[in-house]
Amino acid sequence: MIGLAQVSKTFTGKRDVVALHPLDLTIPKGEMVAIIGASGSGKSTLLNLIGGLDHPTAGVISVDGRELGSLSDDDLTRVRRDKIGFVFQFFNLLPSLSCLENVSLPLHLRGWPRQKIHDRATDLLRLVGLEKRMDHLPDELSGGERQRVAIARALSVYPPILLADEPTGNLDSAAGAGILTLIKDLHERLGTTVLMVTHDMNVARACERILQLKDGVLLSDARVESPAAS
Amino acid sequence: MKLLVLLSWPYVRKHKLRMLLTLAGIMLGVAVYVGMHTANLTIQSAFQRTVDRIAGKAQLQVSAGETGFPEDVLERVQSLREVSAAAPVIEAALATPQGTLLVLGVDMTGDSSLREYDLEGGGEDVIDDPLIFLAQPDSMIVSRQFAERSGLGRGSKLTLKTMGGQKTFIVRGVMKATGLATVFGGNLAIMDIYAAQAVFGRGRLFDRIDVGLSEGVSVRKGTAKLQSLLGPGFQVEPPQSRGAHFESMARGLTISINMASLFALLIGVFIIYNSFSIAITQRRGEIGVLRALGASRGQVRRLFLLESIVLGVAGSLLGVAAGLALARGVVPGLAATLQDVFGHAVSASEITISPPLAAFSVFIGVLASLVGGYIPAHAAARVDPVKALQKGRNQVLSEGENRLRRRAAVACIATSAALIGFGNGNAYFYPGYLLGITSLILLSPSMAMWLASVMRPVLKAVWPVEGALAADSLIQAPRRTSATVTALMLSLALAVGFAGVSRGIYASLIDWMSHTLNPDLYVSPSRSITAKTFRFPASMAGELRSMEGVEEVQPVRNARVMIGGEPVMAVSLDIGAISRRVRVKPVEGDRDEMVRLASQGKGVIISDNLSLLRNLHRGGILEIPTPRGVLKLPVLGSSVDYSDQQGSFLIDSKLFQRYWGDDTANLFRIHVKKGQSREAVREAILKRWAGSHEIFVYTNEGIREYILRLTDQWFGLTYIQLAVALVVAILGIVNTLTVSISDRRRELGVLQAVGGLRNQIRRTIWLEAVSIGVVGLVMGAAAGVVMIFFNLHMLHRDLGGLRVDFVFPYAFVALMTPVVVLCSFAAALWPAESAVRASLVESLEYE
């Protein structure tokens, strides 16, 4: 599903900074993977590269059989749109749009018919337990609720891959646990491949596989024998 | 100052484009102010310089308006003990391939005591023995510059168009390029006054007498003596007064320049306000840190005020330089317009740089910058260090703030209406005007938000994501957009206001022309019907009448006379004859009675604008100075007449000839017999006078086109200022968009992350820009209605007393719609590209 061959990333500037040393990685379809590591270890860089938000300095990344490096900007956007859903630590909801409009956003961008968009967005908000908050603006929601909207948005096109960057990092423990349960539940019900960057070992242990990065190097790639119930 | 270097300079370096846009806002505002005022000043001082140099040593000038006076006045002036020298003058401007040539007709026998003709080698005999000059009426002395431009030397032949057709003159002398010879851009020629009378159709009249006073006689005493000798029908004034009269004629232009400059600066203030508001929003983290580190509110306020002063100084200095360049471009057009409209030739080859004007412009530029920067600086000082890092919080304009603005606006509207409705005079009108504009400014954020809310569903229906986000950007960040929308509104209101007035004037002019200018043909001695250089002899009317196909000939003589120290146009014609063809539209008085009494010389019919400007009404007495004393005539009524911006009166030709001793004509109105070809008569007239008289025959349509073209030319000057005001407002849009993109970097990043294609991102920004344009346009059109109302009032009370109907310029607004939309779209191109090319990762992490 996701393959990385000798992928590296160096940020150039006054001083070059190697964020990711050459790395080989394969993530099969339907797996739930945690990426852990200290700040600056390269975990977000890795996630951004897989999500096509950034370009590697070297190496080849393929998502669902398509090599990202060979794609134009718009084709890359299409891959993101059709294959990948993003969940960010700071939610990144558009403040002027209602919950329903935020969830509808990727569908509108794909040019879906209005009724179909409405039905899908309503279903998803119901799925994340926010059916009563559809017309609310993000400012009117709690942190946990906002992240639920963000997850609903990420899943709006039923993408085969969900990339989550510290999805619980900005939430209290109760809300964090709720989000983790939701992601896990969706992963199981929809068969979505999940890649989740986290600092929290409890969150990591809920996944099936843990990748540990340190100073841009993949330190360990371990399978969790029996993922913790969230 | 240390903070300025430490904090402001890096910000400026980081946001070079925005700083340049802000600088451009100030620069353009100041440039319009400096440019138009310098152009006006250049023309006025060129006119004054010409007057002064031509006047030479003359301390006083005797004239009788533009009408001239009989020769015998000269002897009376010379008889005074207080007068040491008196020289008659005829002044005329002739069109030549080398530009307009100013021809002075002087009496060489007495003139050299007042003027120095510094001739080049071998020509002294001409001045030493004026009889040589007099004996040869084809003699002419020309300036060195004109001689060089025309390839002339002593003894060369110079052919000029005169009243007697093309006439060849002999150059008897060439003046050195100093003093008198440098006037009028060096295009000067001198000829004998009696020859000039014939050449320019003056009959036995002089234009004026230049007077030198005896030693020990003060100008005041000399004036008093001459005035008592000649009576109130003459003006006895120092040469400098002619400049003042010219200035007073062009007062309308000065007022429009002041108004447009004021608006350009006001628009600049909004650009500065916008820039600083944005800068403070973006730097509130920095301000928070500063405050946390112990900076006082005063220090923060001073930092931003200092920034606005520095920007103000830099922008104003650039504005002065740009203004001088603008003046250089405008002066030729302005000179041509003034010559065409008022009939006074002016030549200005060099612009007049006024250090006080430049200093004042820098001062008002800095003041505008300070005014624009004050509220944001005050807001910066009030930043709460704790809230400083909360992104987006202070973008929202609170409902309380909006309510306050709306209440203030209502108070301004009520006061403005009371001042204008119940007050009388400028002391009430102009504060009312100012309050009216202030209310529009106060209402603009609420109106902009309301319009954006109205547009949102429409935009969303067409472009569900891009449209909604574009409208939301306006609604969510009123501080960011309201100043730009206000700037755009003001510039469009200014444009709509001017367009409305110009449409109104055109409509009124066309209506006036349709019932006043009904002859088939007009015969003029000059291409310009306002020029007074040439006049036709009275005998020509008879000759015209005798021509085949001509049914009626109506001679018209018009000239400005000085009434109450200001020029008023006297229009002399056979009122009885004209009234049979023209139905005078009375504003005051009974038409038939007015015409009957005026044709008997028992009164005058004044123009509506003269009535308003001088508060003269039916039954009042108009005191008209004439060479034969003051003519006191009752005002029989007033009618709509657009002959002159400072007012005019119709006087019967018999009375005019009696009092001014002048039977010449400026114009012949000709009615062609029924069934006769107008074109054939026109051709016959041209053929009849070909070679003997310089003559121009306009058809009825031709004269109307000519008048409308002149009006176009007049408004053309205003359009330059409007264009600059619009450019300033468009810069505001670019400024707002660059900030909007910077503010919404994360939002745009999210849009791309969740699948927004580059074109969809671009479209969001384009739509936002176009929405700003449309909101500004709608508000500008609405504010334009208010502007038209005020402008018409201003026109009525200060610019010629003209009564012009309210006409909303629909066609202009329709034309402006695509212009504004396209300009707004163009303003968004670069910001949109910068948005789609920004790093996605950085955008998503942007705080």
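Mentor: Let's start with burial: a residue is buried if 20 or more other C-beta atoms lie within 10 Å of its own, exposed if 12 or fewer, and partly exposed in between, with C-beta atoms placed from the backbone. By that count, buried residues make up 53% of the 847 residues in chain B. This is a predicted model, where local features need pLDDT of at least 70, side-chain atom pairs count only at pLDDT 80 or more, and totals for chains, interfaces and linings use all residues. Residues are numbered from 1 along each chain as its sequence is written, while chains are lettered from A and ligands numbered from 1 in the order in which they are written.

Trainee: What makes α3(A) largely enclosed by the rest of the structure?

Mentor: Set its residues against the burial cut-off: 11 of the 11 are buried, so α3(A) is largely enclosed. Among them are Cys99(A), Glu101(A) and His108(A). A helix here is a DSSP run of H or I with at least four residues, and a strand a run of E with at least two, numbered from the N terminus.

Trainee: Which elements do the buried residues of α3(A) pack against?

Mentor: In chain A, α2, α4 (114-127) and α5 (143-154); in chain B, α17 (466-476) and α27 (758-797). Two residues are in contact if their C-beta atoms, placed from the backbone, lie within 7 Å.

Trainee: How many residues does each chain give to the contact?

Mentor: Chain A gives 22 and chain B gives 20. On the chain A side, α2 (73-83) and α3 (99-109) are the elements giving two or more residues.
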